Amino acid sequence: MTTLILTEKPSVAADFSKALGVRTRRDGYYEGNGTLICWAVGHLVELFAPEDYSPSFKKWSLATLPILPEPFKYKPIKKSGKQLGVIKKLLKTPGLDRVIIATDAGREGEVIARTILLQAGFTDKGRIMRFWTSQALTPAVVRSTLEKLQPITDYDRLWRAGYYRQVADWMVGMNGTRALTVRLGDLYSVGRVQTAVLALLVQRRRERENFKPEPYVVVKVHFANEKGKWIGTWFKEKETRIVDLDAAQGLVARLTAEETPGVVLSAEKEKKSDPPPYLFSLTDLQQEANKRFGFPAKKTLNVAQGLYQDKKCLSYPRTDSRVLGTQNLDMVKKLVDKLAETAPALFKGVDHGRIALSNKRVFNDAKLTDHHALIPLKNLPPSATADEAKIYELVLRRFAAAFHPNCHYENTKIVTGFSSETFQTTGKIILSPGWREAWPIKAKKEDEAYIPPLVNGDAAHKEKVAAEKKETTPPAAYTDALILKEMTNPGRYVSEKAMKDLFRGEVGIGTQSTRAQILEILIQREYAKREGKTLAATDKGCYLVEMLQKTAVSRVLTSPEETARWEMSLNRIALGEGNNENFLATIKEFVQKSMDELKTVVMEGEAPVGRKRTGEVVGRCPACGGEVIEEYKNFKCACGFVLWKKIAGKNLTPNMVGHLLRTKKSGPYNGFISKKKKRFTASLILAQKEGSWQVTFDFDSNGKKGGGKKAAGEPAPWSSSPNASGSFSHSQEAASYVSQPERPTTLASKPAQNQKPLRGLNQTGPRPCPACGGSIIEGKRGFGCSNWPADKGGCRFVIWKTLFGRELTESQLTSLLSMKPTRPCNLTTSDGRTVKTRLRLTNTPQGWMVMADPDEQGIKHFEPVVCAH
DNA sequence: GCAAGGTC
């Protein structure tokens, strides 16, 4: 009697091991009591690449499209081949009479298991059972679910839906990418998810570029009576904006001249309450971390993964779900008690009556997907980084908030009549904060300030008339948070109302596990770029979408609605409602038509500069006299001579290179960008140095700043030069080399005569440099050691004048230099919150650092600041 | 040089 349990990932195998007391750890599995527990690492098997079917698909050409394999085949994923080997071997265990599939309870979990079984040649369905739950895998949940194993055939439909998803994405992606790449002359990838998301970014960029701000005026009157003061905003038929500027001016004049007092026409108060927010799904967490800390989606995922995997203080992060299972009630009760010990302030308002199955906002099996919501599992270990502390705190607060009472508040709406016009005043007073104690909101808006207790008929004396001139604003640029929201809820792109209802929250573009990756792919392929928090389509991305939208068939790839519809069809197949054959037939037909179209359609429009492989000759090679040809990313001669298209952030055109090859000098050109992100202007020089041809910048010819330091002729590290083996080597590290104009503006760069001893220090007696005993001198941005410059053995110690968003005071500096903690002081976090804590100077193995203490709940808010430069 | 889906 031997049972084999297969899980999706190591952490779940560990849960089984604990629950069943199967503790002997072998290489790649656990063993004991006649039970083997092994794990996958996500997908271990993938679809063949086109060239695996036939070598003729190795070359990308329109002639071989569409590629529609029949049948589709699978192969092991190379990097996890070892683990697949372990599972294959265990499946051959003599006397194995039961295989329990315990991969995640969802479509992809099913695919992971079935493709492994397929690859292992294990076909005896009679021996296979399905373990199916989305509850947190406490020992009790594992054991009770093992008593309710399902026949694997109950999940055949789900496997079919997963298989269709795989091959449909493959057919569309492989064929589409090849067709567009060949047609447009550079790598242009397309796919159900990435192209739909890119289209959203492109659409938003167009909306913003075409947006024309319209001026309007908002008129406000300040009223007062014996009860107090309030401000009324002019309105008519719910509209507060006055577009006709002359009319607004007339209105202001009339109101200013009006002598008769106004009267309160209506004063309504309404009591309302908001329930606590749902627990976090990954997307919710990513949106929140993006808004508060500016973290990109990928970064939040990475940090959460570390907290789950290494620190073990967060549950599995890649979840769609905002609820827990009903079987996890006891676990939650214990968890709340435990976490409350270290963060009492967050949990003191918890209503224990809400830690109950009647609380459907938390415990709801019907809303459970593959995994349960993201929750804390234990306290944050002290080894956590500042970023980890930030993410952990969000999850902890959200968890605490979920068990708090509702937030009760009162909305007030006053309408004041004055000079035959109407003015509105709205306000909101929090009566009892409830969950908002654990989940603070930002400062109130001005118009939600205190309003006097007015009643109908109260007099309203005019104090002041004010007109605010404003402009309409374009739709906001996308951030990670906003685009994730669109991907999660594409319902608004569905046209029919009936479909819209079905779509609400059920299907999205991509999945929790891949959304962050998709954004990174768009950036990596240069279809989109990050600028601070915002995410915008590049020219290249716009070009791709523009070309697709010129087509009649292939344009559906740019439609978020279409990808949502696919998902819907697949869900129906999984439920046994869809017409199986129709789905794939429809996709195949689409691919076929799309290929017919992309082979013949005329695509007008200019490709972004420098992004094509024309294969054209742009000039003669200076090394051998051969032809220099334009490739994807460079201009190249058969002898090995290479010129990169992109130098210091600027794309070289064939014309520029042609000129350079002919005359050995070209330019000056604007628009180079140094490593420190500064733009500069320079000419290019092609010259022979120590036997190789090299490109360098020449600053002299344009007479601008920074000239001379690194003049023409000096070897630059990005130029082509033969290495020891005779071939050409190159590097694109150009920017740092040419950033000479930027001198560091630190303390050290100041001329010596500007340095002066710090006054405050002299009054209390000089404090020596803690690092070397030298004296501390005030610089422009910090207090540094006089033993700088540090070219050989000097001291690099400095304490910056601005630390954690605040100006350092003299007494704080004195404390730090004396190696004492400062008094508690207010500091500003990167997301603008104020935290009161102490600073201290510490000598760590990584060097001297100024650190901010954790707060009362043990949560760290600040990264240490290094005191060397 | 290609998809999207997992996990680390």
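**Helix packing and a closed barrel in a predicted model**

Helix 7 and helix 17 are roughly perpendicular to each other, a class covering angles of 65 to 115 degrees. In this predicted model, local features need pLDDT of at least 70 and side-chain atom pairs count only at pLDDT 80 or more, whereas totals for chains, interfaces and linings use all residues. Residues are numbered from 1 along each chain as its sequence is written, chains are lettered from A and ligands numbered from 1 in the order in which they are written, and side-chain values use heavy atoms, with hydrogens and water left out.

The axes of helix 7 (residues 192-210) and helix 17 (residues 539-549) cross at roughly 105° and come within 9 Å. Axes are lines fitted to C-alpha atoms, for helices over the stretch in contact, and angles run from 0 to 180 degrees between N-to-C directions. Helices (H or I, at least four residues) and strands (E, at least two) are DSSP runs, numbered from the N terminus. Among the residues of helix 7 that meet helix 17 are Leu-198, Val-202 and Arg-205; those on the helix 17 side include Leu-544, Val-545 and Glu-546.

A closed barrel of 6 strands runs in the order 10-11-14-13-12-15, with antiparallel pairing (at least two DSSP bridges between two strands). From one strand to the next, the twist averages 35°. Strand 12 (residues 262-274) and strand 13 (residues 407-418) run antiparallel and are joined by 11 bridges. Lys-269 stands opposite Thr-412 in strand 13.

Chain A has an average pLDDT of 82, and 74% of the residues score at least 70; pLDDT is the predictor's confidence in each residue, from 0 to 100.

Terms used: Parallel < 35°, antiparallel > 145°, perpendicular 65-115°, else oblique. Contact = heavy atoms within 4.5 Å.
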